[in-house]
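Dear colleague,

I am passing on the structure that we discussed, and below it I have set out what was found in it. Please read the notes with the model open beside you.

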Amino acid sequence: MITEEKARQNIRELLEYIGEDPDRTGLIETPDRMLRMFKEMFRGYDPAQKPVITTFPNGQDGIIYDDMVVDSGCFYSVCEHHCRTFFGEYRFAYIPNPKGRILGLSKIGRVVDYCSARLQVQERLVHDVVEMLTEALGDEYPPLGMAMTMTGRHMCKESRGARKSGVMTSTYLTGLFRRNPQTRNEFLSYLSRKDV
């Protein structure tokens with residue numbers, strides 16, 4: 001395990017490698033700032049920060065829900081290939097099992113944030129989020145299906161290399177979303193809507 005002091009020294013050496021003077025006024029505190037930033041940005045490696053995913057028995061409030069639930073939001077992550085940011089929007093949907101459990105809605109965004117807080121590729125990120133949420137609902141009466149789409153801008157493409165703007169879309173579908181074209185099309189119809 002690398003020590004904090006060693007990590008700080010490595011950052012100083014990287015600054016020297018690019019031609020900077022780590023002892024100049026503007027950079028003296030940079031290694032410490034970067035270490036604090038790394039702890040925040042890469043909290044997804046810390047199991048203690050894994051979100052608690054609240055679920056509720058379906059029907060406990062008198063309503064058994066087995067229609068599609070859709071959530072949306074933003075995500076920010078760091079590409080594992082060049083350590084450059086990628087970010088964008090996600091759409092998530094699931095169909096609760098009538099005998100199973102339902103998700104606390106705010107937990108979806110927390111899971112997205114936690115899984116995003118690692119060196120990632122977008123294709124794995126959609127998979128990680130869906131798998132964590134599926135696991136939280138249990139395997140006795142699993143959800144009837146889950147779907148996630150992420151559309152992201154990648155700075156490794158825009159600020160270096162190809163230097164072209166654009167977005168990448170990654171999708172992961174399970175259950176009815178994969179097997180049933182009507183269910184899949186209903187989810188996909190939400191992708192162009194701004195109110196979801």
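The buried residues of helix 3 pack against strand 2 (69-79), strand 3 (85-95), strand 4 (101-103), strand 5 (119-120), helix 4 and strand 6 (145-154); here helices (H or I, at least four residues) and strands (E, at least two) are DSSP runs numbered from the N terminus, and contact means heavy atoms within 4.5 Å. Those buried residues are Lys 107, Ile 108, Val 111, Val 112, Tyr 114, Cys 115 and Ser 116, where buried means under 20% relative accessible area, exposed over 50% and partly exposed in between, with a 1.4 Å probe and protein chains only.

Please bear in mind that this is a predicted model, in which local features need pLDDT of at least 70 and side-chain atom pairs count only at pLDDT 80 or more, while totals for chains, interfaces and linings use all residues. Residues are numbered from 1 along each chain as its sequence is written, and side-chain values use heavy atoms, with hydrogens and water left out.

Helix 3 (residues 106-116) and helix 4 (residues 122-136) pack at an angle of about 135°, their axes 9 Å apart; axes are lines fitted to C-alpha atoms, for helices over the stretch in contact, and angles run from 0 to 180 degrees between N-to-C directions. The two helices, helix 3 and helix 4, are therefore oblique to each other, given that angles under 35 degrees count as roughly parallel, over 145 as roughly antiparallel, 65 to 115 as roughly perpendicular and the rest as oblique. From helix 3, Ile 108, Val 111, Val 112, Tyr 114, Cys 115 and Ser 116 meet Leu 125, Asp 128, Val 129, Met 132 and Leu 133 of helix 4.

Val 129, leaving aside its neighbours within four places in sequence, is in contact with Val 111, Val 112, Cys 115 and Met 148.
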